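User: I would like to go through this model by asking what stands behind each label.

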Amino acid sequence: MADEPIESLSTSPVSPTPDAKKQPLSFGAALQAVVDGHKVTKQEWADESVYLVLLGERVHIMGGTHGDGKLHPFVMRDVDIVAHDWIVL
């Protein structure tokens with residue numbers, strides 16, 4: 001990718017393909033997926049009923065540490081931002 005001419009690199013966001021949905025992503029790629037309307041979770045959470053969604057202009061977490069099945073504001077931690085274990089559901 002570093003050797004590709006700038007003109008060949010796409011700057012538009014790309015939605016995940018069905019085959020790519022379980023591929024680990026960086027936080028930036030996961031956040032773009034949330035903005036594009038997808039639900040994302042972390043492999044570390046090991047629970048697909050816990051995921052992030054966008055409501056208005058804020059990212060919320062479904063379930064989370066509350067375990068109540070409700071949406072709550074998502075408070076990002078530094079380990080979440082540098083993690084590369086985000087997946088699109």
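Analyst: pLDDT is the predictor's confidence in each residue, from 0 to 100. The model is predicted, and among the elements of the chain strand β4 (residues 71-73) has the lowest mean pLDDT, 87, while strand β5 (residues 86-88) has the highest, 96. For the chain, the mean pLDDT is 79, and 72% of the residues reach 70 or more. Over residues 1-16 pLDDT stays under 50, and the model has nine contacts beyond four places in sequence for them.

User: Which elements does the chain hold, and in what order do they run?

Analyst: There are two helices and five strands, and from the N terminus on they run α-β-β-β-β-α-β.

User: Why is Lys 42 called buried?

Analyst: Buried means under 20% relative accessible area, and Lys 42 has 1%, so Lys 42 counts as buried. Lys 42 is found in strand β1 (residues 40-42), and, leaving aside neighbours within four places in sequence, Lys 42 is in contact with Arg 77, Val 79, Asp 80, Ala 83, Asp 85 and Trp 86. Across the chain, buried residues make up 27% of the 89 residues.

User: What makes Trp 45 and Phe 74 an edge-to-face pair?

Analyst: The structure holds four aromatic pairs. In the pair of Trp 45 and Phe 74, the ring centres are 6.3 Å apart and the planes stand at 75°. Trp 45 lies in the loop between β1 and β2 (51-55) and Phe 74 in the loop between β4 and α2, so the pair ties together parts that are 29 residues apart in sequence.

User: How do you know whether Trp 45 and Phe 74 are buried or partly exposed?

Analyst: The cut-off for buried is under 20%, and partly exposed lies between that and the cut-off for exposed, over 50%. Trp 45 has a relative accessible area of 21% and is therefore partly exposed, whereas Phe 74, with 13%, is buried.

User: What is the geometry of the pair that Trp 45 forms with Trp 86?

Analyst: Trp 45 and Trp 86 are edge-to-face as well, with 5.5 Å from centre to centre and 80° between the planes. Trp 45 lies in the loop between β1 and β2 and Trp 86 in strand β5, so this pair ties together parts that are 41 residues apart in sequence. Trp 86 has 0% relative accessibility and therefore counts as buried. Phe 27, Trp 45, Phe 74 and Trp 86 form one aromatic cluster.

User: Why is Val 82 called exposed, and why is Val 35 called partly exposed?

Analyst: Exposed means over 50% relative accessible area; Val 82, in helix α2 (residues 78-82), has 60% and is therefore exposed. Val 35, in helix α1 (residues 27-35), has 48%, which lies between the two cut-offs, so Val 35 is partly exposed. Val 82 and Ser 26 are 56 residues apart in sequence, and their C-alpha atoms are 7.2 Å apart in space.

User: Which residues form a nonpolar patch with Val 35?

Analyst: Leu 31 and Leu 54 form the patch on the surface with Val 35, and together the three have about 210 Å² of accessible area. The chain exposes about 6,100 Å², of which carbon and sulfur atoms supply 57%.

Terms used:
Residues numbered from 1 in each chain as written. Predicted model: local features only at pLDDT ≥ 70, side-chain atom pairs only at ≥ 80, totals over all residues. Heavy atoms only, no water. Helix = DSSP H or I, 4+ residues; strand = E, 2+ residues; numbered from the N terminus. Contact = heavy atoms within 4.5 Å. Patch = residues over 30% accessible without salt bridge, like charges linked within 9 Å, V, L, I, M, F, W, Y side chains within 5 Å. Areas by Shrake-Rupley, 256 points an atom, 1.4 Å probe, with all protein chains shown as cover. Salt bridge = Lys/Arg side-chain N within 4 Å of Asp/Glu carboxyl O. Buried < 20%, exposed > 50% of the residue type's maximum accessible area, 1.4 Å probe, protein only. Phe/Tyr/Trp six-rings, centres within 6.5 Å; stacked < 30°, edge-to-face > 60°.
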